[in-house]
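Have the structure open beside you as you read.

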Amino acid sequence: MAEKDNSTQGEDNALLSPYKMGMYNLSHRVVLAPLTRCRALEGIPQPSLAEFYSQRATQGGLLISEGATISPTANGFSHVPGIYKEEHVEAWRNIVDAVHDKGSIFFCQLWHVGRASRLVFQPDGAAPISSTNKPISARYRVDLPNGTTGEYPVPRQLSTSEIPEVVEDFRQSAINAIRAGFDGVEIHSAHGYFIDQFLKDGINDRTDEYGGSYENRCRFLLEVVKAVVSGIGAKRVAVRISPAIDHLDATESDPLDLGLAVVERVNNLQKELGSKLAYLHVTHPRYSDSTKPELDKHCIEEEGGKLLRTLRKAYEGTFMSSGGFTRDSGIEAIAQGDADLVSYGRYFISNPDLVLRFKLNAPLNHYDRMTFYTHDPVIGYTDYPFLNKPSET
């Protein structure tokens, strides 16, 4: 059977046009971005997650789960879900079933925060692990279980011999995700978390084969990707990167060159495997500028667009963009060929029927940042109204 034509047919319907992502036939290009929401009490996905995700599921749509931690050392937030215990797998099954019942494709994001943790979240109160022993600066604060905030602790640089253990955690968690019914996994290698702590030269100060050159700094990511592919197959594996995002001190001296270095190695791996990955997910630099009014937003927009277009042209496969897209900018990105898929976060939080609203160009509900990371199973989570369906509050 011939694959669907992935070309758009005019700007008006570009974002809502069908797309064939590997073995998955998508009915539109609007993707639910991975969103930490802190509603998985004690790390166990709750029934409220089934309602949240199924509300946002559409026939032929693609959803990416919030980051699911891959090991006891991976957590850095209260009440985020895991995917490394049998209890996690069993709880996720009900949520995945609810999404599949609506006809959506569901990927699980695999997450390790690395140094972006706190002693209280670590086994026996140990230091969090990282590529480095440099802590995140006091400019950033970590939320603590008691409702207060604190500075990030000094991490422990992972020894060379310990790295294969973390690689195996990613592989086994990917297998667990497929056992739970997920259609695939997204390896979180962005936003200053563990894998990004190896990629960025502003963090990685290693002198072994995992530090220094692009080849060395990309090594850990490639080892994780290969291991996960060995466990569940290339077509079920995706990667997220953010070469230009400096969140959590994840600075890089040359973001474009780093992005191209990752893309080149992923392209080569796909050729070696004889199969493409599901997609590459790249965050626009505007993601991290919202709290920095001193920055030139126009410059960020121009440079960010250039970076994404360059990586998109270089990558041999499905390319997903995220980071502050609107309906119009999403349509433009698809219509101009700058992305195949666009993921939405804040708008999807407050608009469970976002795809329909984009189709009708209907007004959007406003989101409430104050309830993004609270633990209530309803308020600010599943109570945002649908079109023509008033809130029951």
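## Charged pairs, rings and a buried helix

At 35% relative accessibility, Arg179 counts as partly exposed, where buried means under 20% relative accessible area, exposed over 50%, and partly exposed in between (1.4 Å probe, protein chains only). Before we go on, please note that this is a predicted model, in which local features need pLDDT of at least 70, side-chain atom pairs count only at pLDDT 80 or more, and totals for chains, interfaces and linings use all residues. Residues are numbered from 1 along each chain as its sequence is written, and side-chain values use heavy atoms, with hydrogens and water left out.

**Salt bridges**

What does the side chain of Arg179 meet in a salt bridge? The partner is Glu86, at 2.7 Å from N to O. A salt bridge here is a side-chain nitrogen of Lys or Arg within 4 Å of a carboxyl oxygen of Asp or Glu. Arg179 lies in helix H3 (residues 163–179) and Glu86 in helix H2 (residues 86–101), so this pair ties together parts that are 93 residues apart in sequence. Helices (H or I, at least four residues) and strands (E, at least two) are DSSP runs, numbered from the N terminus. Glu86 is partly exposed, with a relative accessibility of 43%.

Side chains of opposite charge can pair when their charged atoms come close. A search of the whole structure finds 13 salt bridges, and the table lists some of them.

| Salt bridge | Closest N and O atoms | Burial |
| Asp208 and Arg206 | 2.8 Å | Asp208 buried, 17%; Arg206 buried, 8% |
| Asp353 and Arg357 | 2.7 Å | Asp353 buried, Arg357 buried |

Salt bridges also form a network that links Glu215, Glu264 and Arg265.

**Around Ser130**

Arg206 turns up again among the neighbours of Ser130. Ser130 belongs to strand S6 (residues 129–130) and is buried, with a relative accessible area of 0%. Leaving aside residues up to four places away in sequence, Ser130 touches Arg115, Pro155, Arg156, Gln157, Leu158, Phe194, Gln197 and Arg206, contact meaning heavy atoms within 4.5 Å. A polar atom of the Ser130 side chain also lies 3.4 Å from the backbone nitrogen of Thr132.

**Aromatic rings**

How many aromatic pairs does a search of the whole structure find? The count is 17. Rings of Phe, Tyr and Trp (its six-membered ring) pair if their centres lie within 6.5 Å; planes under 30 degrees apart count as stacked, over 60 as edge-to-face and the rest as tilted.

Phe52 and Tyr381 make a stacked pair, 4.5 Å centre to centre with 5 degrees between the planes. Phe52 sits in helix H1 (residues 47–55) and Tyr381 in the segment after helix H11 (354–360), so the pair ties together parts that are 329 residues apart in sequence. Phe52 is buried at 1% relative accessibility, and Tyr381 is buried at 0%.

Tyr53 and Phe106 make a tilted pair, at 5.1 Å centre to centre and 50 degrees between the planes. This pair links distant parts of the chain, with Tyr53 in helix H1 and Phe106 in strand S5 (residues 105–111), 53 residues apart. Tyr53 and Phe106 are both buried. Ring pairs join Phe52, Tyr53, Trp92, Phe106, Phe182 and Tyr381 into a cluster.

**Helix H1**

Why is H1 largely enclosed by the rest of the structure? Seven of its nine residues are buried, so the rest of the structure largely encloses H1. Those buried residues are Ser48, Leu49, Ala50, Phe52, Tyr53, Ser54 and Gln55. They pack against strand S3 (30–32), strand S4 (62–69), H2 and S5.

**Cysteines and backbone angles**

The structure holds zero disulfides, a disulfide being a pair of cysteine sulfur atoms within 2.5 Å. For Cys108, the nearest cysteine sulfur is that of Cys38, 16 Å away. Cys108 is buried at 0% relative accessibility, and Cys218 is buried with a relative accessible area of 0%.

His191 is not a glycine, yet has a positive phi of about 60 degrees. His191 is placed in the loop between strand S10 (184–189) and helix H4 (194–199) and is buried, at 5% relative accessible area. Asp249, also a residue other than glycine, has a positive phi near 65 degrees. Asp249 is in the loop between strand S11 (237–241) and helix H7 (255–273), and counts as buried at 17% relative accessibility.

Note on methods:
A polar contact is a pair of N or O atoms within 3.5 Å; within protein, one must be able to donate a hydrogen and the other to accept it, and residues adjacent in sequence count only if both atoms are side-chain atoms.
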